[in-house]
Amino acid sequence: MTEPGSQWLETVKEMRETFDAQKEQVSRCPFLEYSYRRDALLRLRQAIKQKSSALQQALSDDYGYRAPVDTEIADILPLLHQIDYTRRRLKRWMQPQKRRPGITLLGTKLVVRFQPKGVVGIIVPWNFPIMLALSPLICALAAGNRVMLKLSEFTPNTNRVLRALIAEVFSPNEVAVVEGEVEVSRRFSELEFDHLFFTGSTQVGRQVMLAAADNLTPVTLELGGKSPVIIDDQIDMDVAVSRLIYGKCLNAGQICVAPDYVLCPEHRQEAFIHAYQRAFRAMYPDFEANSDYSQIINQTQAMRLEETLKDSLDKGARRWCALDQQTVPTAENQRWPTQLLTQVTDDMRVMQEEIFGPLLPIVTYQDLSEALSYIQARPRPLALYLMSNDAEIRTQVTTQLHAGGMGINETLFHVAAEDAPFGGIGDSGMGHYHGVEGFYTFSHSKTVLTRDKWDTSFLVKPPYNRWYKRLMRWWLMR
């Protein structure tokens, strides 16, 4: 029997055995054919659709309550569409790409072939444990890899359904599921993966990258940060709020690309607050009984948010509830309407840390250059949002500011674009997935040069002092 407190040791042992077995499979069959990949994706799609209701219920159970339609829209539907998109294009992606060898390599043929990396590790967060487990899995399978999934310890009900789903479709030598807490996660990231994919906080991302460095394991880090929304001086405020509020309210703001703070012209701040309150009440009428709004996942996260809010108020911020100014959220209540915060300062936690919940600070500015400078002075965000119909402002913001991705007059939805990469920059991450970039991320692009009968390599080999070689070098260097 396993001794109390040592269960994680047994998990780590099984994890290592599974990893070694997958490595052995890669050695035996390093390249999975198109037909296998296509069929594996189809089987995965069928299983997701079959277990859709069970996944929605399990995730709601993990949250205490999560709106089923939130899960359907943000988890299930994108996965089904991603599989369809990938299967339609996979054969073309797998084809070797012809490249031009150039005049110095006359007589050769040059192609780039896409080879599976081998065994891929995927570390999954708690906020979208279905989408953020299976979406990178789809990319990794399309590229022909074996995969190990480390699921979050905070979503045990969802993990149970995901584990059953994976077991129905794949053998452990193809796709394996690992569960466990901090120590298991640490040991997982120390395995000698051929690629490691992590979604989570910037702080933990640094630890994952450090662990992977010992094995020179390439990493993709999908992190977070503070994603700003810029509201210009001219856009209709009701329109601006209607375009950003869903991105803040979906999953109660527990999204890596949720608007983290708003940059608003100072004279329009009051208009923004009133417009947000009107829009929130229209989206979630009879809030206490409304089934479309999700809870904060657990009391630990609710307590973190309560402490962040209290820190702001203690330091001089003013709170505006999206529902009622008298409604005071607490750690015991895991159902929070958006809390708008004004008069925020840089020494407040709410302006230093990723919020990941229903708090929304408002920072005022006098002119647009001030807003741009504010963003440029801070770590590069995962998402950048602009509410403006001015073409000149759109160009200025798009070209001058760095961010993982950007939405103009919209928030959140750029993540759902199937035919475009998604990823961070700087503190918000590195690498991409989605679309063909996901296939490339989990593939090794191998250059293959072939020389057949016509050999011109003698022109660049010693002895170098032949007149025709000197003439050729002169011509090439002219």
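**A close look**

Modeller: Let's begin out in a loop: Pro463 sits between strand 16 (443–451) and helix 15 (467–476). This is a predicted model, by the way. Pro462 and Pro463 are joined by a cis peptide bond, with omega at about 0 degrees. Another loop, the one between helix 9 (237–249) and strand 9 (261–265), holds Asn251. Asn251 isn't a glycine, yet its phi is positive, near 55 degrees. For background, most residues other than glycine have a negative phi, and most peptide bonds are trans.

Now for the helix pair. Two packed helices are described by the angle between their axes and the distance between the axes. Here helix 1 (residues 7–28) packs against helix 7 (residues 182–189) at an angle of about 25 degrees, and their axes are 10 Å apart. Angles under 35 degrees count as roughly parallel, so helix 1 and helix 7 are roughly parallel to each other. Their crossing is right-handed. Helix 1 brings Trp8, Thr11, Val12 and Met15 to the contact, while helix 7 brings Glu183, Val184, Arg187 and Phe188. Sorted by class, that contact of helix 1 with helix 7 has five nonpolar, one polar and two charged residues.

One last stop: an unreviewed UniProt entry places the feature "active site" at Glu222 and Cys256. They span 35 residues in sequence, but no two of their C-alpha atoms are more than 8.9 Å apart, so they gather at one spot. Of these residues, Cys256 is included in the lining of the largest cavity. As for Glu222, look for it in strand 7 (residues 219–222).

Terms used
Residues are numbered from 1 along each chain as its sequence is written. This is a predicted model: local features need pLDDT of at least 70, side-chain atom pairs count only at pLDDT 80 or more; totals for chains, interfaces and linings use all residues. Side-chain values use heavy atoms; hydrogens and water are left out. Axes are lines fitted to C-alpha atoms, for helices over the stretch in contact, and angles run from 0 to 180 degrees between N-to-C directions. Helices (H or I, at least four residues) and strands (E, at least two) are DSSP runs, numbered from the N terminus. Angles under 35 degrees count as roughly parallel, over 145 as roughly antiparallel, 65 to 115 as roughly perpendicular and the rest as oblique. A crossing is left-handed if the near helix is turned anticlockwise from the far one by less than a right angle, and right-handed if clockwise. Contact means heavy atoms within 4.5 Å. Ala, Val, Leu, Ile, Met, Phe, Trp, Tyr, Cys and Pro count as nonpolar, Asp, Glu, Lys and Arg as charged, and the others, Gly among them, as polar. UniProt positions are given in the numbering used here, feature names are shortened, and annotations may be inferred rather than shown by experiment. On a 1 Å grid over the protein atoms alone, a cavity is a set of points where a 1.4 Å probe fits but cannot get out, and a pocket is an open set with protein on both sides within 12 Å along at least five of seven lines; lining residues have an atom within 4 Å of a point.
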